[in-house]
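Please keep the sequence and the structure in view while reading.

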Amino acid sequence: MAFYYSEPSHTFSEYLLIPGYTAEDCVPANVSLRTPLTRFRKGEEPAISLNIPMVSAIMQSVSDDKLAIALAKEGGLSFIYGAQSIESEAAMVARVKNHKAGFVVSASNLTPDSTLADVLALKAKNGYSTVAITDDGTANGRLLGIVSSRDYRVSRMDGSQKVSTFMTPLEKLVTAPAQTTLKEANDIIWEHKLNSLPIVDADGRLLYFVFRKDYASHKENPLELLDDQKRYLVGAGVNTRDYQERIPALLAAGADVLCIDSSEGYSCWQEKTIAWVREQYGDSVKIGAGNVVDRDGFLFLAKAGADFVKVGIGGGSICITRETKGIGRGQATALIEVCAARDEYYRATGVYVPVCSDGGIVYDYHMTLALAMGADFLMLGRYFARFDESPTAKVMVNGVYMKEYWGEGSNRARNWQRYDLGGAGKLSFEEGVDSFVTYAGSLHDNVEISLYKVKSTMCNCGVKTIADLQKNARLTLVSATSIVEGGYHDVVLRSGSQIK
Ligand SMILES: NC(=O)C1=CN([C@@H]2O[C@H](COP(=O)(O)OP(=O)(O)OC[C@H]3O[C@@H](n4cnc5c(N)ncnc54)[C@H](O)[C@@H]3O)[C@@H](O)[C@H]2O)C=CC1
Ligand SMILES: O=c1[nH]c(=O)c2[nH+]cn([C@@H]3O[C@H](COP(=O)(O)O)[C@@H](O)[C@H]3O)c2[nH]1
Ligand SMILES: [K+]
């Protein structure tokens, strides 16, 4: 006879936190959200920790290099999506690793033979007022001069005038060599009252600009997640098929951590993939696995050597796995059981394997609940898809700005993993939808407010760290009627008032 669980599985919205005693120093400014990303032995530090408990989903519509840089700046980490060629995934990883905060690869470039009309057209197109003039018109050509808006007067000059006649030539520019630090660059900018400082290599090739106006923004990120060479940390998604080719390429590009990306991780495929990584690289390469929704699945992956385990089947906003395949489990119940298994494994072996709650976070308070239920960090898709930095188009739908967001199991994703099951192509089926999410602005502003809410709730619970929240939180299931009580009720909203 089949096994039946005695309790139904629950979602985040069915739980609430009960406050604990709040001491005087228990204020959001004193709360730390630092959390382990990879497995560690009792008494030792994890090889990688996050400064905020957020990672971005391994999805085409979420995690490219741009989002990865923005999230690492805040202290979190992206897993670059794996549903692309090995070369393009590795190139995205490399772009994150090569990104130097404050050092910008020139986006507007012309040759001395270009004209004022070309300068104006370029400015209209991309909005930048500083144009690098290089021998070949590329971002890394030999620097010959700069054109900024101070070099020309549209009303007095003819559009056909050559750039060479009005640019500020190299001999009149202040430049700095390749090894200049951001601090040194900013000192030079102040000293010479510059708007931009070109960084050039020994052959006179332009490497980057450092802009005066960017200075303030680089001082605002005390939590940024950096490696020992001060480069941003970045993760990458892998699959259980081409890993022998993909993983070496991602590591060569600089990936700091890998994650097997699958709807379901309790399989020989994941065991083999992790075993291969251990054979090739020992423990030096970090790889997470998943997804699982129960104790058995967690213990299987922990024993297989996973550096973290991801929880969640069918709870994502774009997921239709439960409807198409009838597998999955309420995210809260899955998480609670897996976190109990993690603690059991820790007691038995002295090895802590962090747990990631993947999918289904709708409100900011769900983040606090997931952490209280034991998650060490959260994977978010919909949440990040709404921001400027996500890779998808911003479109107007019925007068409201939206961003596109589609599942990795949707037809739009054309995820080759899913079309290579050995069966005929016509047998493939969709497990995700293609959708819109409401545009929400910049990642920085949204993450800041979401985490401020998490921290203030932690203060209500009387805790200042995620570990203490996991230990001390008290949670209650709520009845259907008390969910109604929790919203506004028995009042008539004034017109224009909005509930977020
Ligand atoms: N978290 C969730 O609830 C869900 C997530 N997704 C997302 O969709 C994407 C694709 O996920 P999946 O379809 O689960 O991809 P997958 O590659 O893990 O699995 C696809 C199929 O291939 C099989 N398979 C895997 N490796 C194999 C190998 N080496 N040889 C032979 N067969 C093998 C699996 O058993 C499965 O039937 C991922 O990005 C995933 O995150 C999709 C559905 C649900
Ligand atoms: O059933 C599914 N079909 C899909 O096409 C799909 N694509 C992604 N995912 C999973 O959803 C997570 C993101 O969920 P949220 O948008 O709720 O944050 C992701 O992190 C994935 O675990 C999918 N699940
Ligand atoms: K399985």
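The structure is a predicted model. Ligand 2 is surrounded by 23 residues, and the protein buries 90% of the 520 Å² that this ligand exposes when taken alone.

**Ligand 2**

- Among the 23 surrounding residues, the closest to ligand 2 are Cys 319, Asp 358, Tyr 405, Gly 409 and Glu 431.
- The shell around ligand 2 comprises 8 nonpolar, 11 polar and 4 charged residues.
- Asp 358 places a polar side-chain atom 2.5 Å from an oxygen atom of ligand 2.

**Potassium ion (ligand 3)**

- The potassium ion is coordinated at 2.6 to 3.0 Å by Glu 264 (OE), Glu 264 (OE) and Tyr 266 (O).
- Glu 264 counts as partly exposed because its relative accessibility is 33%.
- Tyr 266 likewise counts as partly exposed, with a relative accessibility of 43%.

**Sheet E11-E12-E13**

- Three strands form an open sheet in the order E11-E12-E13, and their pairing is mixed.
- Strands E11 (176-177) and E13 (206-211) stand at the edges; each has a single partner strand, so one side of each lacks a neighbour in the sheet.
- E11 pairs with strand E12 (residues 196-200) in the parallel sense over 2 bridges.
- Ala 176 has Ile 199 as its bridge partner in E12.

Technical notes. Residues are numbered from 1 along each chain as its sequence is written. Chains are lettered from A and ligands numbered from 1 in the order in which they are written. This is a predicted model: local features need pLDDT of at least 70, side-chain atom pairs count only at pLDDT 80 or more; totals for chains, interfaces and linings use all residues. Side-chain values use heavy atoms; hydrogens and water are left out. A residue is near a molecule or strand if one of its heavy atoms lies within 4 Å of it. A polar contact is a pair of N or O atoms within 3.5 Å; within protein, one must be able to donate a hydrogen and the other to accept it, and residues adjacent in sequence count only if both atoms are side-chain atoms. Accessible areas come from the Shrake-Rupley method with a 1.4 Å probe; for residues, only the protein chains shown count as cover. Ala, Val, Leu, Ile, Met, Phe, Trp, Tyr, Cys and Pro count as nonpolar, Asp, Glu, Lys and Arg as charged, and the others, Gly among them, as polar. Donors are N, O and S atoms within 2.8 Å of the metal (3.2 Å for Na, K and Ca); water is not among the atoms, so sites may look incomplete. Buried means under 20% relative accessible area, exposed over 50%, partly exposed in between (1.4 Å probe, protein chains only). Two strands pair if DSSP finds at least two bridges between them. Helices (H or I, at least four residues) and strands (E, at least two) are DSSP runs, numbered from the N terminus.
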